[in-house]
Amino acid sequence: MGIADCVKRKLEVGDGSEVGYFSLPALADAGYGNVAHFPFCLKVILEQLIRLQGHPAFCEEHAVALAQWTPEGGRRELPYMPARVLLQDFTGVPCVVDLAALRSAVARAGGDPASIEPSIPVDLIVDHSVQLDSCGCTDSLELNLELEFKRNRERYEFLRWGQNAFRTLHVLPPGLGICHQINMELLATCVVRSGEGVDAVAYPDTLVGTDSHTPMINSMGIVGWGVGGIEAEAAMLGQPIPILTPIVTGVRLTGQIAAGVTPTDVALTIVHMLREHGVVGHFVEFFGPGVDALSLADRAPLSNMAPEYGATMGYFPVDHATLDYLRMTGRSEEHIDLVERYCKAQGLFRTGTEELLYSHVLELDLGTVESSVAGPKRPQDRIAVQKLHTSFRSDLRKAPEARGFGVAEVDLPRSVTVPGKGTLGHGSVVIASITSCTNTSNPTLLLGAGILAKKAVERGLRVPGWVKTSFAPGSQVAQDYLQKSGLLPYLEQLGFNIAAYGCATCIGNSGPLADDIDAAVRAEDLVVAAVLSGNRNFEGRIHPLTQANYLCSPPLVVALALAGRVDEDLVGAPLGTDADGEPVMLADLWPSSEEIAGYMALAADPALYRARYADVENAVPVWNALPSEGGAVYAWNTTSTYIQEPPWVADTPAVPATLADIRGARVLGYFGDFVTTDHISPAGAIKADSPAGLYLQEHGVRVAQFNSYGSRRGNHEVMLRGTFANIRLRNKLVTQTGGYTRLWTDGSEHSIYDAAMRYAEAGIPLVVLAGKMYGAGSSRDWAAKGTSLLGVRAVIAESYERIHRSNLVEMGVLPLEFVDGQTAESLGLTGAETFSIAGLNEGLAPGKRLAVTAASEQGEIGFEVLCRIDSPIEVAYYRHGGILPYVLREALVACQ
């Protein structure tokens, strides 16, 4: 009898019926080990290893090995098969494009295209495309939605085809909210009940998502994390995601949040603390008495920002706060009962009395957290609010290469007067945005912003004319409770009209600044700021002109909008004066806990959620009016500039080529530390004179119709030309920033795209050199896809962020890591060398050390690197030239 049969049990649920489940406590009785002291998140991984016995990739030894886990034990590869997949449209459209391409390839090979069908439920939520062209107006929401459909009609028609072509693909239209917040409020179940009658079985809700902030769902006790689109595609098609036995870091929370401090402040403190400790790739699990002091909505920002502190997850187990949240968001009592019964039966329900084992333990007293912001260009750089002005001034006086600001110290101070709007200078806030599911999912934060706005309006304060204000919540329910509370009109009077339900400013869709403000900033080369309630503030992400970008809570966004500056004391100086000439201080406006609590009953109304989510498929009539015809195979339009059949599987031979060593490679890019996927992947606006802009114009697209890179992710020709084109990217091979390199065949400078094409014509393979945390940031698979299409065969870096490393492997690019403390600089590499990498053609295995030779006129430099292909299945993907050729060959074998 196998392990699954040994622990199969029946659970009686509220209606008197029974469901099957695979009992974790029964493992001890069956002699497999006592998991009572395991971290909760590890138990969920173990449950699916047991339940999925019979799947070809799931062996009993996987479950047995994890059942005997100890914090000091070794690590091995384990399969992970989520219950479902979550997509947003920027990454979701390329996923559906790839699925369509696989169907086309199967059809060309004589197979059944319908064999390419997701085997698990897939939810795609369109939330990344809306741009804030209009803000601060009563009709901003309607205008931005209208422009969104106008710009993205072709993409949305393609998604309508996909919705009909794939039975298990569920598409939620634009204008509903942000995928992670909708995931929490609607899609998440905590426990899945599958099958009927005697075949009914219950198991934990788990997922992967093609957005790095998927871990927000960890706040509900649901295991899930962000992956690249190509990895998600494999999971959809029945390929488990390989993981290594997790390192689980426990964060013990004590105390409670002090008065005047917000959950955002706690999240920024956690990010700073865990980045300093180092938890990249870890499962982080929160425990301790402080957890009881946090509502589920308070926990959500901590889980959401797991990518910012480098972890795979930021997990809170299911407990009474989870049940309260399910009830508040309108879930049925029958289902809530199932969640409670199942989790208690499985030892997955937190009581606070558990004594658990962790690989590492850190501690935070919530009472020590202070009001904070983070910036100016990294989310882990926390600053106490009262020190923001001195921090900005200090950064401004640093050398340009140290701070990334584009002005010299001798040019300080500098200002310019814009008629009718006031005087701008270094430190002026030009964007203030309440945005992102990170914080708009928490009613206390939005109610706090509304209360602060109410007090400010009543004291006669106004936002300066140079500040572009916007409000883009992650759910329509936010509008409902702010309207019921009477606070929304006060936000609107300060320019925080709801302009969209989508990611907006947080992902860089902040829209244009007013023409006169834009011109003034450019003319005087001002270092201006953006303040936002988001999760990322990397260079060039929020807006091309905001060189200083600060993350903060929604109430602080409103306060900084009123101040209009980050270079003046927000706490010690007045925000303005009232009608009586009296100074108005931040403390005068800041909402108290009691004031917020007085409004919370309005936000905790299940009827609001039930009404909003009763009929989401028909909530946006313009979406349903789009054409949705089409068969099993997509009819590719070769003239489209939005959707093109990608090359990944177009001409895939039946058998993969034999691996060969890399010889004669040149360096395409030589980068420093913390090059993010925002630097690598095409994102934001498309410049008219860029390779992508020229391509679009050659194909009849006017500059005004360019849209963004994100909207054109379904066209590899555009994305290829925009890879490594970020305006803040610094390549050590050249002096200018913004996606340029040196062509070593003649020493001339070119755009990275143009140089790569010349290398390709000459048959020269390419490598990239980089520093620490290469590929940090969003789970943008185009950072790997574009790298592959440019002809890069290998990246040699000091370290990688988790998702990008796996994406590189899945696109057939070799991630290599310097060893023994060596770096490109310590080895004396200049980037002018010719590189050879040996050891690929003989026994390639996870963690193998490979020999690199860098040859130049000065001689040869030899060194070893660690092959960061981390698991046997990744070796298979690499041998096949990537995960999509691997899946195609597997599908064709199955069709035979």
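## Starting inside: Tyr342

At 0% relative accessibility, Tyr342 counts as buried; here buried means under 20% relative accessible area, exposed means over 50%, and partly exposed is what falls in between (1.4 Å probe, protein chains only). A quick note on the source: this is a predicted model, where local features need pLDDT of at least 70, side-chain atom pairs count only at pLDDT 80 or more, and totals for chains, interfaces and linings use all residues. Residues are numbered from 1 along each chain as its sequence is written, and side-chain values use heavy atoms, with hydrogens and water left out.

## Aromatic pairs

The structure holds 19 aromatic pairs. Rings of Phe, Tyr and Trp (its six-membered ring) pair if their centres lie within 6.5 Å; planes under 30 degrees apart are called stacked, over 60 edge-to-face, and the rest tilted. Tyr342 pairs with Tyr21: the ring centres sit 6.0 Å apart with the planes at 75°, so this one is edge-to-face. The pair bridges distant parts of the chain, since Tyr21 is in strand E2 (residues 18-22) and Tyr342 in helix H13 (residues 333-346), 321 residues apart. Helices (H or I, at least four residues) and strands (E, at least two) are DSSP runs, numbered from the N terminus. Tyr21 is buried as well, at 8% relative accessibility.

How are the rings of Phe671 and Phe724 arranged? Their centres are 5.5 Å apart and their planes at 20°, so the pair is stacked. This pair also links distant parts of the chain, 53 residues apart: Phe671 is in the loop between strand E26 (662-670) and helix H26 (677-680), and Phe724 in the loop between helix H28 (716-722) and strand E27 (740-743). Both Phe671 and Phe724 are buried. Elsewhere, Phe158, Trp161, Phe166, Tyr634 and Trp636 come together as one aromatic cluster.

## The whole fold

Zooming out, the secondary structure comes to 33 helices and 34 strands. With 896 residues, a compact globule would have a radius of gyration near 29 Å, and the protein's 27 Å agrees with that; the radius is taken over C-alpha atoms, and the globule rule is 2.2 Å times the number of residues to the power 0.38. The C-alpha trace spans about 80 × 80 × 55 Å along its principal axes.

Buried residues make up 62% of the 896. Of the contacts (heavy atoms within 4.5 Å) with a separation of 6 or more, 75% are between residues 24 or more positions apart. The protein exposes about 30,200 Å², with carbon and sulfur atoms supplying 50% of it; these areas come from the Shrake-Rupley method with a 1.4 Å probe, and for residues, only the protein chains shown count as cover. As for charge, there are 70 positive and 101 negative side chains, and the centres of the two sets lie 2 Å apart. Lys and Arg count as positive, Asp and Glu as negative, while His and the chain ends are not counted; each charge is placed at NZ of Lys, CZ of Arg, CG of Asp or CD of Glu.

Most residues other than glycine have a negative phi, and most peptide bonds are trans. Here are some exceptions to look up. Gly375 and Pro376 are joined by a cis peptide bond, omega about 10°, and Pro376 is in the loop between strand E16 (372-374) and strand E17 (382-384).

Ser436 isn't a glycine but has a positive phi of about 85°. You'll find Ser436 in the loop between strand E20 (429-435) and helix H16 (437-440), buried at 3% relative accessible area. Ala504 also has a positive phi, near 55°, and lies in the loop between helix H19 (488-493) and helix H20 (515-524). Is Ala504 buried or exposed? Ala504 is buried, with 0% relative accessible area.

Thr206 lies in strand E9 (residues 206-209) and is buried at 4%. Not counting residues up to four places away in sequence, Thr206 touches Val44, Tyr80, Met81, Pro82, Ala83, Arg84, Ile222 and Val223. Ser115, by contrast, is partly exposed at 36% relative accessibility, in the loop between helix H5 (89-108) and strand E5 (122-125). Leaving aside neighbours within four places in sequence, Ser115 is in contact with Val106 and Cys895.

Helix H27 (residues 691-698) has Pro691, Ala692, Gly693, Tyr695 and Leu696 as its buried residues. Those residues pack against H28, strand E28 (748-751) and helix H29 (752-761). Just after H27, Gly700 takes a positive phi of about 85°.
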